[in-house]
Amino acid sequence: MATQGPPPGMGPIMVLNSKTQRTHGRQAQLGNIAAARAVADIIRSTLGPRSMLKMLLDPMGGIVITNDGNCILREVDVSHPTAKSMIELSRSQDEEVGDGTTSVIILAGEMLINAEPFVRANIHPTVIVRGYNYALQEALAICEKLALVVDVNDSDKMKALVQSCIGTKFSSRWNDTMIDMALKAVLTVARAIPTPTVGTDAYSQKMEVDIKRYAKVEKIPGGEIADCAVLSGVMFNKDVTHSKMRRRIENPRILLLDTPLEYKKGESQTNVEITDEEDWNTLLKMEEEYVENMCMEIIAFKPDIVITEKGVSDLAQHYFAKANITAFRRLRKTDNNRVARATGATIVSRTDEIRESDIGTGCGLFEMRKIGEEYFAFFEECKDPKACTIILRGGSKDVLNEIERNLTDAMQVVRNVVFDPRLLPGGGATEMAVSVGLRKAGLKLEGIQQGPFLAVGEAMEVIPRTLAQNCGVSVIRTVTQLRAKHAAAYEEAEKSGGDGAFPKCNWGLDGTTGKLVDMEEFGIWEPFSVKIQTIKTAVESACMILRIDDIVSGSKKKGY
């Protein structure tokens, strides 16, 4: 039977617009894999404690110097659609758990690189994907068995944990300071919220850690990094409104307002006709009395400090200075919320509704200090503050920005552990254990899925391999020794405990020297949630990219 085609004498029939570019089938898949490899190669050298920094120039001529995976990829301008979706991965990883942004891209890239032989061998992508998903379930099960539960209040364990996060960053020279700051900030902000458990009357404690809102980072250029600190309270960049006001108060009574302490202007434009000259004076007097009234309502509660988000008129300042009250005006709403959390005050909207319970007495010391050229108001020595300010000092803006990024990562790590207090060994130990475990489990599989299943195990080795590469040691020898350690632990467990036994092998790489060490003794742990999220995201994105078999670019513009 003849194949059906266009009638004789006619050219090929064009369905798509001639300007449209289309790649499909195996060509599209191989193109995607090449793009993923390119993205992974950009940030491969930024993994581990011996990582390199990248310097990126933006179109405006500004520079960013960083080794944070998410930050690098956010700045890089990419045109390939698959590469763009890879970059989204690191952003979602950053939002979800805050760490592991470099690992997730390297892993996803490696999963795709390992799928290339199967695509070339004409194995259908859904078969590869099915094998990958099996392997993902198995890998998560292995991680569950490896996990170690930690007590959040055990500071040594927590320090070792944050060390593994910050140790790979630029600020690793001031590690101890950074770690203490991250721990202190998160444990200050953490707040237990009783939530009703399903089906019972009992309440379970759920932790709420809102770093973004209640742990404010103030970057002040100048000084040195050793001067960084977390306040047991808050500070903001404002000076007192009147020069005669007190600049240091112990155990102050603090009142927070979000109402203007000046004469209220009408909402709409109003014209007043005055026939008598006295009426003009009466009008001015009424304005003054209105402000005086508000001030008297405030002074009646004998606060030491009044802070408002709106303006304070000269007259109100005069009354406050006379009553020996320090006043601040035009404070940001976010700052006001932080002061409220730290001092136990309630923000009041009308002066005639102030109650004694609204006044914050939780602050131990208020003081104005001059740092550099500017004045800052410090509220310190708070009793059990649930908000804090982190002061960062450093030589230049670039240094401060990089330290802020590192600190944010460290705080996210602590937050994850507060939520889910389980840890996994770091330094490539978890990845190697998963790799060896998958290799053992893959032998029991039959048929065509065994190949992709084992490929995930091989891909997991990319993390210890890259760590070894960045240290400058012999990659093949180191990875082989590490693999042998884990395989030996498996055989040991099988001999002693039958088939179902699982070995706890915590051997990994010391990222600084490249030697093999037992992570339990070396003390490098990573949060369970970060690792799990990294593996899940990497495998799922690899599956998604493998299932793309058609890329059409130059599709129709809107409005035609």
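**Before I start.** I am working with a predicted model, where local features need pLDDT of at least 70, side-chain atom pairs count only at pLDDT 80 or more, and totals for chains, interfaces and linings use all residues. Residues are numbered from 1 along each chain as its sequence is written, and side-chain values use heavy atoms, with hydrogens and water left out.

**Entry 1: strand 17.** I looked up strand 17 (residues 388-394) and found 7 of its 7 residues buried; buried means under 20% relative accessible area, exposed over 50%, with a 1.4 Å probe and protein chains only. Strands here are DSSP runs of type E with at least two residues, and helices are H or I runs of at least four. C388, I390, L392 and G394 point one way, while T389, I391 and R393 point the other.

Entry 2: Two strands pair if DSSP finds at least two bridges between them. I found strand 7 (residues 215-221) running parallel to strand 17, joined by 7 bridges. Here E218 has I391 as its bridge partner. Strand 8 (residues 229-230) pairs with strand 17 in the antiparallel sense over 2 bridges, and V230 is partnered with I390.

Entry 3: I then traced 4 strands in the order 13-12-11-14, with parallel pairing. Strand 13 (326-328) and strand 14 (347-348) are the edges, each pairing on one side only. Strand 12 (residues 305-308) meets strand 13 over 3 bridges, and I307 stands opposite F328.

**Entry 4: E277.** Last, I checked E277 in helix 9 (residues 277-299). E277 is exposed, with a relative accessible area of 65%.
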